[in-house]
Amino acid sequence: MKVCDPHAHFWSPETHTWLKGALDESAPPQLRRFASVARPFWPDEYRRAMEPYVVTHAVYVQANMHMNTSALEEMAFIDGMSKACSLPTGVIAYAPLDKPEEAASIVARMRSYSSFRGVRF
């Protein structure tokens with residue numbers, strides 16, 4: 001069966017460095033709860049995890065990569081992934097909507113990426 005996943009994430013402790021803290025046994029429980037996913041999870045693994053379904057479309061939703069990089073850098077990275085792997089087919093990125101002028105500037109630049117679909121706050 002073919003499916004569209006409207007809310008997907010792809011990550012690695014190298015790109016989402018906050019995940020590295022989840023492996024620290026002295027980390028608070030709120031962070032330790034992510035220890036089981038503190039490993040690379042890219043489109044190929046995602047496709048395998050979704051079997052027997054065939055994911056034809058997936059929307060990547062911003063996942064705090066921007067804590068170490070800018071929202072635009074995260075958008076560029078995921079757009080490159082989209083071009084290389086054909087997933088995700090769309091991206092919901094981050095923009096600081098509580099700062100309208102900054103958000104407008106970011107969104108204007110994000111519109112140049114073919115996989116950009118919108119922002120979340």
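## How to read the model

Local features here need pLDDT of at least 70, side-chain atom pairs count only at pLDDT 80 or more, and totals for chains, interfaces and linings use all residues, since this is a predicted model. Residues are numbered from 1 along each chain as its sequence is written, and side-chain values use heavy atoms, with hydrogens and water left out.

Helices (H or I, at least four residues) and strands (E, at least two) are DSSP runs, numbered from the N terminus.

## The sheet

Four strands make up an open sheet, in the order E1-E2-E3-E4, with parallel pairing; two strands pair if DSSP finds at least two bridges between them. E1 and strand E4 (116–120) are the edge strands, each pairing on one side only. From one strand to the next, the twist averages 20 degrees. Axes are lines fitted to C-alpha atoms, for helices over the stretch in contact, and angles run from 0 to 180 degrees between N-to-C directions.

Now look at the pairs. Strand E1 (residues 2–8) runs parallel to strand E2 (residues 54–61), and five bridges join them. Lys-2 has Val-54 in E2 as its bridge partner, and Asp-5 has Ala-58 in E2. E2 also pairs in the parallel sense with strand E3 (residues 90–94), over three bridges. There, Val-61 has Ile-92 in E3 as its bridge partner.

## Helices across the sheet

H3 lies across E2, E3 and E4, at about 165 degrees to E3. H4 lies across E3 and E4, at about 160 degrees to E4. Contact means heavy atoms within 4.5 Å.

H3 has 15 residues and reaches 21 Å from its first C-alpha to its last, close to the 21 Å expected at 1.5 Å a residue; the expected span of a helix is 1.5 Å times one less than its number of residues. Its buried residues are Ala-71, Leu-72, Glu-74, Met-75, Ile-78, Asp-79, Met-81 and Ser-82, where buried means under 20% relative accessible area, exposed over 50%, and partly exposed in between (1.4 Å probe, protein chains only). These buried residues of H3 pack against helix H2 (43–50), E2, E3, H4 and E4.

## The nonpolar core

In soluble globular proteins, nonpolar side chains tend to be buried together. A nonpolar core is a set of buried Ala, Val, Leu, Ile, Met, Phe, Trp, Tyr and Cys residues joined through side-chain atoms within 4.5 Å. The largest one here has 25 residues, and Phe-10, Tyr-46 and Met-110 touch the most other members. E2, H3, E3 and helix H4 (100–110) are the elements that give two or more residues to this core, and H3 gives the most, with five residues.

Leaving aside its neighbours within four places in sequence, Tyr-46 is in contact with Asp-5, Ala-8, Phe-10, Phe-41, Val-55, Ala-58 and Leu-87.

## Two buried serines

Ser-12 sits in the loop between E1 and helix H1 (29–32). With a relative accessible area of 6%, Ser-12 is buried. Residues up to four places away in sequence aside, Ser-12 touches Leu-19, Arg-39, Pro-40 and Trp-42. A polar atom of the Ser-12 side chain lies 2.9 Å from the backbone nitrogen of Glu-14.

Ser-82 belongs to helix H3 (residues 71–85). Ser-82 counts as buried because its relative accessibility is 14%. Not counting residues up to four places away in sequence, Ser-82 touches Leu-87, Pro-88 and Ser-115.

Most residues other than glycine have a negative phi, and most peptide bonds are trans. Ser-86, in the loop between H3 and E3, has a positive phi of about 65 degrees although it is not a glycine. Ser-86 is partly exposed, with a relative accessible area of 46%.

Pro-88 lies in that loop between H3 and E3 too, and a cis peptide bond joins Leu-87 and Pro-88, with omega about -5 degrees. Another cis peptide bond runs from Glu-51 to Pro-52, with omega near 15 degrees. Pro-52 lies in the loop between H2 and E2.

Definitions and conventions. A polar contact is a pair of N or O atoms within 3.5 Å; within protein, one must be able to donate a hydrogen and the other to accept it, and residues adjacent in sequence count only if both atoms are side-chain atoms.
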